[in-house]
Amino acid sequence: MSDVVVQIEGLHKSFGDHHVLKGIDLTIHEREVVCVIGPSGSGKSTLLRCVNMLEQPSAGRVWLLGTEVTDPEVDLDEVRTHVGMVFQQFNLFPHKTVLGNLTLAQVKVLGRSRAEAEAVARRNLEQVGLADRADAYPAQLSGGQQQRVAIARALSMDPKLMLFDEPTSALDPELVGDVLAVMRDLAKAGMTMMVVTHEMAFARDVGDRVVFMDDGVVVEDGPAAQVITDPQTERARVFLHRVLHPTEVDDAELGQTDASRAAAASERGRGGHGHRPPRAGGYGAGGASPIKLTDH
Amino acid sequence: MDFLIPFMQVWVIAELCVAAVMLVLTALPHFYTTAAPRTASLTLGLVLLAYPVGIFIDKGTGPKDPLPVALGNIFVVYLPGVLMAGAVLLAVVTLIRRPKVTTPKRGLKRSDKRAIGRGLQYGLFLALLIVVVIQMNWDYLSQRFFTVAALREAWPDQMIHALLNTLKYTLGAFAVSLTLGMILALAKLSSVKLYRYLATGYIELFRGLPALLIVMAVAYGVPMALGIRIPTLALKAAIALGLVSAAYMAESLRAGIQAVPKGQVEAARSLGMSYGQTMISVVIPQAIRIVLPPVTNEIILLTKDTSLVYLAGVTMAEWELTKLARESVAEPYGGLTALFAIGACYLIITLPLGFLVRRMEKGFGKARA
């Protein structure tokens with residue numbers, strides 16, 4: 001139990017009468033990189049947001065680093081200082097410089113001195129390759145740079161776990177690679193990571209485990225290479241085929257995903273955290289990705 | 001027309017002729033080859049046409065008070081002279097610089113019609129202005145509104161004093177409005193139902209009542225009801241006007257806070273920041289930029305609402321601008337001159353404010369996502 005970072009038991013989440021998560025059990029150990037994949041509206045992002053309680057679960061229990069965060073008496077702010085989160089839309093603070101973004105919570109929450117916080121911030125900016133942009137405002141950076149700043153901001157709190165919510169989905173295709181490279185380095189350095197992603201190549205090459213979700217349940221959970229290249233369930237096989245080979249979708253299959261799309265749309269309507277529809281041309285196949293997916 | 005009588009008839013005929021020529025040239029498809037001279041030609045034609053019209057309109061209300069002679073000479077004689085010279089110059093230069101071979105075209109092109117449309121808008125606006133200026137009762141106006149002697153008593157001591165009083169009441173009321181408005185806005189966004197109800201009730205009440213009533217209530221009602229004495233007029237003004245303004249302020253601030261994307265709160269909370277820290281360091285700084293324009297509006301409205309302070313009973317030392325104007329209007333001669341001067345004083349306060357806010361908004365541009 002000592003090396004368990006995340007433990008989820010019987011997690012349910014509903015938005016009104018829309019049942020998004022239908023009983024999730026998941027355990028993540030220290031230094032493990034777990035990628036969560038699945039169709040839009042399958043509940044991946046909601047699951048991730050339930051881990052650090054940005055969404056209040058309807059039922060079930062979640063432990064983070066040995067603390068039960070679903071306990072109403074827990075000091076959530078304290079637990080969250082150990083958990084970094086990276087959002088699809090970056091969510092940098094636009095009124096602060098890059099350095100200001102990285103030092104704000106260090107000073108306010110961890111009580112570090114300004115000098116100490118700046119030293120930590122500059123070290124992390126160096127790590128994401130943006131040491132020279134410390135004084136820029138977020139609006140002056142490209143999407144890829146903003147997302148790397150967001151990662152550095154989370155790392156500046158010295159987290160024990162990093163959560164990534166589709167970190168590359170809002171990026172121009174040629175900028176995806178920079179962000180994935182930073183995440184790969186982070187994984188190599190031994191960070192415990194939970195990554196919701198559509199980048200199948202990243203999931204396969206960097207992930208230790210891949211969790212395939214559909215319609216609010218975990219359909220498949222196994223070693224990364226096995227789930228991506230040799231899925232054991234039919235639903236995972238269909239999903240992966242469509243994602244990895246979008247040009248091979250058969251005319252007979254047209255409209256098969258409409259049901260899940262409707263579910264995704266209604267989740268968007270309620271949840272308020274907008275998924276961007278996946279880019280045409282597909283995930284994983286991005287040519288600029290540093291991790292190429294070989295043919296199989 | 002009192003001025004230059006024999007000369008005037010020649011002038012009117014000349015104006016009519018030049019105007020007719022310019023209008024005809026505008027309508028010719030071949031004469032002008034670009035848009036700008038065509039627009040200018042039409043505008044000049046309409047403006048020159050306005051002079052004869054303005055001079056010969058008879059409202060049938062007896063003798064008009066003409067423009068003062070000096071002003072009349074400039075406006076009715078020299079200005080149209082310059083305009084006619086300009087029109088002739090435009091026509092001549094166009095004629096000389098016309099390309100030798102013109103491609104034949106039938107009728108007016110699209111760009112010609114656009115030029116004419118623009119010329120019509122400029123020309124009609126200016127023509128109307130000219131007719132109105134010529135027709136106005138200038139003697140009456142100058143007596144009632146521009147008798148500098150009438151200001152002697154008020155200028156400069158009383159006026160500056162009143163200006164400072166107006167500023168003092170405005171700033172006091174703004175301080176109350178901003179503080180109370182922020183509390184109300186946060187109450188309205190609170191998760192505690194009681195706070196939401198109280199804030200909504202307050203806003204609906206004070207938004208719906210005339211400021212005049214609130215000023216009287218604060219000045220006379222509250223002291224009697226509670227047995228307290230509000231010591232100074234400035235404090236009464238700040239409380240009364242601040243209470244009313246806070247209702248509007250609260251709605252502006254709430255809208256500003258809600259306009260900050262939800263992701264900002266999530267990002268701050270996921271870094272371990274508390275609700276209070278998130279509001280102070282992340283949400284409110286961004287909301288301030290959003291609410292700057294509506295809050296400026298509120299300050300300007302407050303500036304003008306200080307004219308209600310006289311209802312609380314003012315000594316002469318406490319007069320603000322409008323009270324001074326009312327007293328000055330009662331002076332035996334000079335009529336409404338004081339109103340005019342006081343109006344200018346209000347603009348002295350509000351115009352720089354608008355300018356300052358536009359500058360601040362530009363400054364924020366850099367940090368806008």
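1. Let's start with chain B: it has 13 helices and 0 strands. Helices here are DSSP runs of H or I with at least four residues, strands are E runs of at least two, and both are numbered from the N terminus. This is a predicted model, where local features need pLDDT of at least 70, side-chain atom pairs count only at pLDDT 80 or more, and totals for chains, interfaces and linings use all residues. Residues are numbered from 1 along each chain as its sequence is written, and chains are lettered from A in the order in which they are written.

2. How much of chain B is buried? Of its 369 residues, 43% are (buried means under 20% relative accessible area, with a 1.4 Å probe and protein chains only). Chain B exposes about 20,300 Å² (Shrake-Rupley method, 1.4 Å probe), and 70% of that comes from carbon and sulfur atoms.

3. Now look at chain A, where 6 strands make an open, mixed sheet in the order β6-β7-β8-β3-β9-β10. Two strands pair if DSSP finds at least two bridges between them. In chain A, β6 (83-86) and β10 (217-223) are at the edges with a single partner strand each, so one side of each has no neighbour in the sheet.

4. Zoom in on β7 (residues 161-165) and β8 (residues 192-196) of chain A: they pair in the parallel sense over 5 bridges. Here F164(A) sits opposite V195(A) in β8(A).

5. Which helix lies across β3, β6, β7, β8 and β9 of chain A? That is α1 (residues 44-51) of chain A, running at about 150 degrees to β7(A). Axes are lines fitted to C-alpha atoms, for helices over the stretch in contact (heavy atoms within 4.5 Å), and angles run from 0 to 180 degrees between N-to-C directions.

Terms used:
Side-chain values use heavy atoms; hydrogens and water are left out. Buried means under 20% relative accessible area, exposed over 50%, partly exposed in between (1.4 Å probe, protein chains only).
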